[in-house]
Amino acid sequence: MGDCLQKLIMSHHKMLNATDSRIDFEASFIRLIDKVTNGSRIEINQTGTTLYYQPGLLYGGSLEHDCSPSRSIGYYLESLLCLAPFMKHPLKIILRGVTNDQVDPSVDVLKATALPLLKKFGIDGEGLEIKINRRGMPPKGGGEILFACPVRKVLQPVQFTDPGKIKRIRGTAYSVRVSPQMANRMVESARSILNKFLPDIYIYTDHMKGVSSGKSPGFGLCLTAETINGTVLSAELASNPQGQGAAVLPEELGQNCAKLLLEEVYRGGCVDSTNQSLVLLLMTLGQRDVSKVLLGPLSPYTIEFLRHLRSFFQIMFKIETKTPEEEHMGGEKVLMTCVGIGFSNLSKTIR
């Protein structure tokens, strides 16, 4: 069953990047999978168009990996979040590269949204953390993060159908190798929009200097909205990489990020669009019990992921659409229901 999980993650990554000619980040991803497993067999043909992958044991332990700077660390971290709870030993890994870019979910967003989600499935404790040691912006990167995750034998089923009302908004405005004033300007412009809806808003400014600031200049904003029931919805924007595209004003970026957060709140659901596939995978791997989750409109990524879940685990979700009238708020919602396959982590060390 662990083999199916690894094949699913590999297939999904290959599907998403089949159209991209720059495959150095895919080679880096395969090396990362090789590091966290024991006994995997990987063969790539000379033209780099065919990959043969024979899964090994998910091993874990203390590791380090240098990610390709053409994709963000979030690209690698998304897959590790899926695999880490099922390792033989708790995973503790240092990833180096780009922490925030315009393509993949940033480390900030995954820290704010994916970790609370894992806790709902019983993956919690002191061993679960994402820590940003250094920030790195594209194109040169230079960032470093620590990801640690405990292992679990089984996952709890979830009933996650009432997102609740928004009670507060938190965020981080970061700037590296530019004026610290950039972060303050982003905060002011984001608050100018969000203060119309909610008084409880706090956006931290994070200006890193020296070695901690990576190798390229840049700035960005990550916002999260928390509800009374523990749902976390997120939005983020980053400035254009050095030497690419027009310069972005921090005021403009702050306002656009606030609007993106409002858009995410309108879409609603108990999980934001970044983590839809993660919650569906954890529901699939849960005990033989009914799990339910209310999502906003399914993203194309999630729809493709559901097809992969059917191929690898022969699992079908019951999908019910909820109109805005039934939910009294936001856009159309989707209630996803499934019975877990009863996956059990047999490689977990028993003490």
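Residues are numbered from 1 along each chain as its sequence is written, and side-chain values use heavy atoms, with hydrogens and water left out. In this predicted model, local features require pLDDT of at least 70 and side-chain atom pairs count only at pLDDT 80 or more, whereas totals for chains, interfaces and linings use all residues.

The protein chain is divided into domain 1 (1-152), domain 2 (166-267) and domain 3 (271-339), with bounds that come from an automatic or database domain assignment. The centres of domain 2 and domain 3, taken over C-alpha atoms, are separated by 28 Å. Contact between these two domains (heavy atoms within 4.5 Å) involves 7 residues of domain 2 and 10 residues of domain 3.

Helices (H or I, at least four residues) and strands (E, at least two) are DSSP runs, numbered from the N terminus. On this basis, residues 25-319 are 31% helix and 29% strand, and the end C-alpha atoms of the span lie 34 Å apart. For residues 161-265, the corresponding values are 29% helix and 34% strand, with the end C-alpha atoms 15 Å apart.

Strands are taken to pair if DSSP finds at least two bridges between them. An open sheet of 4 strands has the order β9-β14-β16-β15, with mixed pairing. Strands β9 (159-160) and β15 (318-322) stand at the edges and each has a single partner strand, so one side of each is left without a neighbour in the sheet. Strands β15 and β16 run antiparallel and are joined by 5 bridges; the bridge partner of lysine 322 is lysine 333 in β16. Elsewhere, 4 bridges join the antiparallel strands β2 (residues 41-44) and β3 (residues 51-54), where isoleucine 44 has leucine 51 of β3 as its bridge partner. The hairpin of β2 and β3 has 6 residues between the strands, and glycine 48 takes a positive phi near 75° there.

The structure holds 5 aromatic pairs. Rings of Phe, Tyr and Trp (its six-membered ring) pair if their centres lie within 6.5 Å; planes under 30 degrees apart count as stacked, over 60 as edge-to-face and the rest as tilted. The ring centres of phenylalanine 25 and tyrosine 75 are 5.4 Å apart and their planes stand at 90°, so this pair is edge-to-face. Because phenylalanine 25 lies in helix α2 (residues 24-36) and tyrosine 75 in helix α3 (residues 73-83), the pair ties together parts that are 50 residues apart in sequence. Phenylalanine 25 is buried (under 20% relative accessible area; exposed is over 50% and partly exposed in between, with a 1.4 Å probe and protein chains only), at a relative accessible area of 1%. Tyrosine 75 is likewise buried, at 3%.

A further edge-to-face pair is formed by phenylalanine 86 and phenylalanine 343, at 5.0 Å centre to centre and 85° between the planes. Phenylalanine 86 lies in the loop between α3 and β6 (89-97) and phenylalanine 343 in the segment after β16 (333-339), so the pair ties together parts that are 257 residues apart in sequence. Both phenylalanine 86 and phenylalanine 343 are buried.

Ring pairs also link Phe25, Phe29, Tyr75 and Tyr76 into a cluster. Arginine 71 lies over the face of phenylalanine 25, at 4.9 Å from the ring centre; such a placement requires NZ of Lys or CZ of Arg within 6 Å of the ring centre and within 35 degrees of the ring normal.
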